Amino acid sequence: MAKVIGIVNLHEDVNYAELTERRPAASVSFLGRYAIVDFVLSNLSNSGIDRVGVLIQNKPRSIVKHLGGGTSWNLNQKRGGLSILYNEKYAGATKYNHDLNNLKENIAFLKGAKADIAVIAPSHIINTLNYADVVEAHEKAGAEITMVYSKINNAKEEFIGSDILKIKDGKVVSIDVNRGTAKSRDVSLDTYVINVSTLEMIMKKAKNVSAFFSLKDMLKYLLDEKVIHVYQYKGYVKNIDSLEAYYETSLGLIDVVNNSQVFKSNWPIYTNTNDTPPTKYLKNSSVVSSFVANGAIVDGTVERSIIGREVKIGKGAVVKNCIMLTGSSVEAGAVLENVIVDKHAIVTAKNDLHGDVNQPLLIKEGDIV
């Protein structure tokens, strides 16, 4: 049986405006109690992959703090574990700061793992993919490289700028970019199963092709000389590649149909636990169709919103279609609709703030408005 390692690739060209000003997308709070990276880490853990490296591109402080030793995702096994892979050499050089250079700088991780196959996946594409199934198909086909894709029917609105695949007989014929010109597309999930020997070859070859080439660039370059197999993922998938996508996906998971596709009894989503008390619902509270994390104090009206840990909602305040991150607060009488409130920000009394459902208003971390 092949030995498999996981690589979480945070060299992703995504940002959420001021939400990612001081943190990578991977450590942004999600659904009140999770971070976005929890989903890919849980997929790896649930798939039986217990040795994982996390390629960090920039702003490492918050993601390192969140990951800790990997205990929350069962990645602290004696033979496994979680490794932080940060490329200090090129941290300030944008063109050179890509995933292949990070792997080269941390080659000891690959060599030390003594693995046969690497599963490489991003954090910002939310799904519940069982990587063990992909590895099994990869081995059965005798493949060196397998790309995971999903057939979507909303390609005019989502996955804009992502790779789309032309497939024939279970193999990639060509790779293009989704420009939103067609409704149905076979879109890459930026998730790859690659033999470690092949990955090492790609790393060496990239040096003679372009110092700026990432893994994605090299896979496109090698398409004429390497057979790239595909695996179709048919479950729930969302590409959180912008602030608007973060907002839409978050509130969309309040819907029980979407929620049941992600949170399954046999596929737990792990995260760090916090020793905070239960939420307090005071006499003026009214909460409908919302996620409310522990430690919050609610004395107002909350509708279709996500309330993070230790959030305070004052008497008579109204919070509708909003996302409130840890430690933020809305004082008595304030009204918020279509607003994202970052950590520890304060909305003062009598404020009436409205964003647009397609472009939410964002209040920055620690701001008082």
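**Figure 1. Charge and overall build of the protein.** In this predicted model, the protein carries 43 positive and 40 negative side chains. The centres of the two sets lie 4 Å apart. Buried residues account for 52% of the 369 residues. The secondary structure consists of 9 helices and 28 strands. Along the principal axes, the C-alpha trace spans about 65 × 45 × 40 Å. A compact globule with 369 residues would have a radius of gyration near 21 Å, and the value for the protein, 21 Å, agrees with this. Of the contacts between residues at least 6 apart in sequence, 58% join residues at least 24 apart.

Figure 2. β4 runs parallel to β1, and 4 bridges join the two. In this pairing, Ile-7 has Gly-53 of β4 as its bridge partner. β4 also runs parallel to strand β5 (residues 81-86), to which 6 bridges join it. Here Val-52 stands opposite Leu-82 in β5.

**Figure 3. An open sheet of 5 strands.** The strands follow the order β14-β17-β20-β23-β26, and their pairing is parallel. β14 (280-281) and β26 (346-347) stand at the edges with a single partner strand each, so one side of each has no neighbour in the sheet. Strands of a sheet pair through backbone hydrogen bonds, either parallel or antiparallel. Within this sheet, β20 (residues 312-313) pairs with β23 (residues 329-330) in the parallel sense, over 2 bridges. Ile-313 has Val-330 in β23 as its bridge partner.

**Figure 4. Lys-320 in strand β21.** Lys-320 belongs to strand β21, which covers residues 318-320. With a relative accessible area of 32%, Lys-320 is partly exposed. Which residues does Lys-320 contact, leaving aside its neighbours within four places in sequence? They are Glu-303, Ser-305, Leu-336, Glu-337 and Asn-338. Lys-320 and Ser-290 are 30 residues apart along the chain, and their C-alpha atoms are separated by 9.5 Å.

**Figure 5. Ile-164 in strand β9.** Ile-164 lies in strand β9. Its relative accessibility is 7%, and Ile-164 therefore counts as buried, the limit being under 20%. Not counting residues up to four places away in sequence, Ile-164 touches Ser-174, Ile-175, Asp-176, Val-177, Asn-178, Arg-185, Asp-186 and Val-187. Ser-150 is 14 residues from Ile-164 along the chain, and the C-alpha atoms of the two are separated by 9.5 Å.

**Figure 6. Ile-160 in a loop.** Ile-160 is found in the loop between β8 (145-152) and β9 (163-168). Is Ile-160 buried or partly exposed? Its relative accessible area is 41%, and Ile-160 is partly exposed. Apart from residues up to four places away in sequence, Ile-160 touches Ala-155, Asn-178, Arg-179, Gly-180 and Asp-241. Ile-160 and Ala-143 are 17 residues apart in sequence, and their C-alpha atoms are 29 Å apart in space.

**Figure 7. Two loop residues with positive phi.** Most residues other than glycine have a negative phi. Ala-17 has a phi near 55°, a positive value in a residue other than glycine. Ala-17 is found in the loop between β1 (4-9) and β2 (29-30). At 36% relative accessibility, Ala-17 is partly exposed. Asp-169 also has a positive phi, near 55°. The loop that holds Asp-169 lies between β9 and β10 (171-177). Asp-169 is exposed, with a relative accessible area of 65%.

How values were computed: Residues are numbered from 1 along each chain as its sequence is written. This is a predicted model: local features need pLDDT of at least 70, side-chain atom pairs count only at pLDDT 80 or more; totals for chains, interfaces and linings use all residues. Side-chain values use heavy atoms; hydrogens and water are left out. Buried means under 20% relative accessible area, exposed over 50%, partly exposed in between (1.4 Å probe, protein chains only). Contact means heavy atoms within 4.5 Å. Two strands pair if DSSP finds at least two bridges between them. The radius of gyration is taken over C-alpha atoms; the globule rule is 2.2 Å times the number of residues to the power 0.38. Lys and Arg count as positive and Asp and Glu as negative; His and the chain ends are not counted. The place of a charge is taken as NZ of Lys, CZ of Arg, CG of Asp or CD of Glu.
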